[in-house]
Structures are given as structure tokens and as C-alpha cells.
Amino acid sequence: MTEKKAYYITTPIYYPNSNLHIGNTYTSVIADVLKRYKNLKGFDAYLTTGTDEHGQKIMRTALDAGTSPQKFVDIIAEETKELWKKLEIDYDTFIRSTEDQHEKDVAEIFTKLYEKGDIYKGEYKGYYCTPCETFWTESQLEDGHCPDCGREVEYQEEETYFFRLSKYTDRLKELFKEHPEFLEPQFRQKEMLNNFIDKGLSDLSVTRNSFDWGVDVPFDNEHVVYVWIDALSCYLSAIGYGDDKAKFERYWPAGVHLIGKDIVRFHTIIWPALLMALDLPLPEKVFAHGWILFDNDKMSKSKGNIMYPEPLVDLYGVDALKFYMLREFNFGSDGNFSARKYMERYNSDLVNDLGNLVSRTTSMIAKYNGGEVRKGTVSDSFDDELITLAEETYTKFNKLMDEFNFNAALEAVWTLIRRANKYVDETEPWILGRDEANKERLDRVLYNLAETIRIVAQLIEPVMKNTTATILEKIGTDNKGFESAGEFGLLEEGARVSKGANLFDRLDIDKELVKLHEANGALIEKRLNKNKKEDEESKEEYIDFEDFTKVDLVVGKILEAKEHPNADKLLVFKVDIGEDEPRTIVSGIKKWYAPEDLLGKNVIVVRNLAPRKMRGIESQGMLLAADFDDDLSLLSTLEDLKPGAKVS
């Protein structure tokens, strides 16, 4: 038996700073459909999605919410998984950038690049956009703001490690020239060449040292690896880069990275250059889709124009949502979401076209043949037209799906559905049924309709798998496989149909609009109240005296002070607190004090703080200090008290 060909699909590694709206979920819906399609075509398709959980923006968001970054991203990651479950996203790996193995992989990748000479230490001076996590030169700013998101930027001077992106300029030009299929839609290639590559690429800052929420640089613990190496490497670690060589070699390179248009530069300039530096093959394709807009504006929590997917699924089913997202929007361009348009297409395509065809056909087979499918023997030219179109639709659907032209692929199927409905009007089964002499012709007409429905059900399975199962059950047959849609006449004679409930029920649009907006509004309100409650719970509260007495504060005398051997900001102290042995305490105060200035000084020590290692040295307590506006002072005593004196 021939081994299935592997095909690796990725979504963006989502930034988990809030709940995902319908625009955010678009890529994952497409990825899920593409995976199902490839598997149905005989591939071994593998889908990775996940969350990018490091960085300054996450740290600030978590602190604003009154929680730790890890707890914050844990909650969002689980909520994202629950959403994918609701949307029936059939992913294989949900990668989180805070996972131990991924952090090991990032450290290994960074070290490889450094040892190769493609990463070097320097200083960055420029403007930083926290939401975009991007540095900009002054000339790149637009009216003093971030050219990507339009928000304010902060001027920063910071020691950093750089990746030699400029070194790969010529190879990137060659990539775009020799492999035009690498980036689609093709107009995006021109954007990358004209706006970035041809203007000359600057080396890229790939570490930060102004915060610590990230993967430590293995050989310099004052720095954390910056988002582009960290997040992009998720595509590798998700398939075993550092711990499963066989799996990695099976699925890499990726068949396609599916991304939004706002991160094209990172995936088609930075990412290929990093892979070139690592001597790894490049992905076959990066496909950048447009945004789903709301009233022709990008969806945003701050703008209040968010439509969440959950109410749409709860009210109208997951298949209807997936159908709409693929049918309504051209994958490479922006699309405008309209609740009214959603319901109009639901009524026209799902109720009037598909639902009506299934209902008419099963009803007539029940009426004229007692629910049993019979092939009949009398044909005419109407049959030939329908059968030819059905067979052509399979070929056309495959071609368009392979081209990522999803809306046109579904339109091809609906052209067949509409032709079948027209076929009913042309052949007039209700008239044929009046005369027993027409029985063989009637049976043939009804068979052609049922077989067309079977082919339609097989074709839409990548998008609407639940609907496929329901249709096949209604016409009394099993799933014969996606490729069976290419052959007309496979529906068994004697299959028994069952009309049952409608496939889709007609919507009263005005009433449903009210219902949908109420459900979406209630979800928004619930999430706002949840955040508000968490904010209130995070506010400072009074403590009881008993709580205060749990903290054991004593006077200590500094006997020894020296610099930490593995950290630029830490000092290591030996402190006498009245015990048999002095305590080792590590403190991040080197910026304000030289070690020799503190010898013999009295300090206030938290004696019962749990020990913890700081850059390899265990700290057995904490020195108390006061700070304001970047000024810091250790707490001491007015009199020279004996070490171990109780502070109360």
C-alpha cells in the first residue's frame, strides 16, 4: 500500500490578549476545511494552530488585569481551545509558546543562529510599538505613529541581539523571482518586493532586555528572545523539531502557512530568512487572506463592532457559519460581514436551493415509490445535461479548491444544485406520476435527482460534514468517499429515503436579526462583566492584623556583597539575621548600589519567604526597599540594632 503524502497546514499562532471574534477565527475555519479536503483526497494532512504567549503586550495586559502573565495566557488558551471545539476545528497540535519543549527548541534555534554568526549583540535606538511588537525607524513612522496600526510609539534605546536579515536580501529576491507560487495572492509579492526587499533590509532586533516575560537567551540571561523567532518557531516545534525527528521530517516543509494580510512581512521575509539561516527547506506556500470587516471597518473590541462566532453557531449551526465564511468572501481579499446578508444567503442557498432540492426529491420518492430508489430505464436529453454537469462539477470543484478559490468552488456546487432544481421543473415528475405508462421514466428522473444529491453531499463534506451525513442518511446510502463524487450512478437501487425534518429552516430575517444581536450583545456584556469582576477582585483590599503577623520581618546586617556571576542586574549578599549561619540573599538592586557601599549596613529582611533560585543561586529571603520614579532606597533602621531584632 502506497504511503499517503504528507501535507502540513498552519494557522497563525494567535496572540491571546482577548477573546477571538469572527474575523480572528476566519483563518482557522479555512484551515480546517483545507485539512478535511486534503484528507478526503488521500493526503495525510496535519494541522497546527496555537497561541503566542510571550512578550511585553501580554505582560502589560496581564498586569492590568491584576494577574500573572502565565495565569492570564492559561485562561485565554483554554478559551481558544473551547472555541475551536465549538467550531469543530480538527487540529492535530495546539502549540503554546510557553510549553517547555517549545522553549527548549527556541533556545536551541537561537544558539545555532548565534554560533553561525547570524546573530550578534548591539544596541537599538528607535521607536517601538507595543501592540504590534515592532521597532520602527523615524522615517518609517506615519505622522509620528506606527505605520501598521496607527497607534502611538515609544522611543527606546536598548541593548539587543540582532539577526543579520540584510545578509539574506539577495536570496529573498531570488525566492520571489523563481518561485512566484510561494506567496499568494500574487499582488502581495509586489508589495513585499517594492516596500521592503528592494529598499534594502535592515538587521532585525530579536531580543529584549526591558522585561523578562519570554524565553531566556541561553548564554545571556539578561535578554529574552523576541517574538519573531519565538512565535514563528512554533511551526517547527509543533511537529517535533527538537524531540521527534521522524515526525518533523515527515511533515516539514509546510504545504501552506495560512495567515492574515497584516503579518505577510513576517512570514515571507523574516521567516524565510530564518529558515535559510537554519538550513531548513522553506514552506511551499504562504497564503495571505484579507480581513473580515464589520460595516466596512476592521472588527475591534475598542470600536465595539465585534461579532462573536458563538451566537451564530448556537442559533444556526456550525455548518451554516463555515459555508457562509467560505462562500461569501474571496479568500485573498477583504470581506464585509453583515448579519442580514448572512441570513439572506442562509435562506437563498441553504433553504431555497439545497434544502428544497433534498425535500422535493425525498418527498416524491416517498410518494411515488414508497420511499424506495429505483433506477428506471427511460432517459432523455435533460438527463444528459444534468449528468454531464455533475461529472464536470467534481473536476471543477477540485481545481478551485487546489487554487484556494473556495467561494468559486462552492459556487460550482450550487450551480449543480440549481440545475437539479431546474431539472425538476423540466421533467415534471408530478405529471409523469399520473400515468403508469411513464413509470420507468419517472423512476429515472427521481434516481437522477437522488444521485445528484449524493454527489452534492460528497462534495460539500470538507465544508459541511454534518450536513453531508444528514443528507446521505436521508437518501438511504453510506458515505462512499469524496472521490465517488466524480462518478454518476453509484447510488444503490433499493436505497430507502426518509424525508424527516427540514435540512434547514427558513429564517424570519427581521426577527432573527433581533435575536442574533441580543445574543451577541449578551455575550459581549458577559465578557465585559467578567473582566470588570476580575478587575474588582484584583484591587487592593485591607488585610487583617493576623495576615500581617504571618510576615516575619527582622533586622539584618550585610556581611558580604558581590556581583552575581551570571546576571548583570543582581547582587548576592551574606546577611546576618541572628541565626547560626548567615543567609544568602539575591537582590536586583545593582543599578542603585555598588556592593562595597552596603557592607555593614542594617537592612530589613523577610525571613520566612520561601527560597527560590535566581540565575542559579538560591536566595533565602528578601531585602525590603522603597522605590519611586526609578529612585530606590533599601529600608534600614535609625539605630544600630542587633541582627535578628523583630520588626513589627
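## The largest cavity

By class, six nonpolar, three polar and three charged residues make up the lining of the largest cavity. The model is a predicted one. The volume of this cavity is about 60 Å³. A search of the whole structure finds two cavities of 30 Å³ or more.

Which residues line the largest cavity? The lining consists of Asp52, His54, Gly55, Glu133, Phe211, Trp213, Gly214, Val224, Val225, Tyr226, Val227 and Asp230. Strand 11 (220–225) and helix 7 (227–232) are the elements that give two or more residues to this lining.

## The second largest cavity

The second largest cavity holds about 50 Å³ of space. Its lining has three nonpolar, four polar and two charged residues.

The lining residues are Gly355, Val358, Ser359, Lys474, Lys499, Gly500, Ala501, Asn502 and Leu503. Which element gives the largest share of this lining? Helix 13 (residues 339–369) does, with three residues.

## Helix 1

Helix 1 covers residues 22–40. At 1.5 Å a residue, its 19 residues should span 27 Å.

Is helix 1 largely enclosed or largely open? Of its 19 residues, 16 are buried, so the rest of the structure largely encloses helix 1. Buried here means under 20% relative accessible area. Just after the helix, Gly42 takes a positive phi of about 100 degrees.

## His289

His289 belongs to strand 13 (residues 286–289). Is His289 buried or exposed? Its relative accessibility is 3%, so His289 counts as buried; the cut-off is under 20%.

What does the side chain of His289 contact? It makes a polar contact with the side chain of Thr27, at 2.7 Å. Leaving aside residues up to four places away in sequence, His289 touches Tyr26, Thr27, Ile259, Gly260, Lys261, Phe331 and Gly332.

Key:
Residues numbered from 1 in each chain as written. Predicted model: local features only at pLDDT ≥ 70, side-chain atom pairs only at ≥ 80, totals over all residues. Heavy atoms only, no water. 1 Å grid on protein atoms, 1.4 Å probe; cavity = no way out; pocket = protein on both sides within 12 Å on 5 of 7 lines; lining within 4 Å. Points joined across faces, edges and corners; volume = space filled by probe spheres on them. Helix = DSSP H or I, 4+ residues; strand = E, 2+ residues; numbered from the N terminus. Nonpolar A, V, L, I, M, F, W, Y, C, P; charged D, E, K, R; others polar. Expected span 1.5 Å × (residues − 1). Buried < 20%, exposed > 50% of the residue type's maximum accessible area, 1.4 Å probe, protein only. Polar contact = N/O pair within 3.5 Å; in protein donor to acceptor, adjacent residues only side chain to side chain. Contact = heavy atoms within 4.5 Å.
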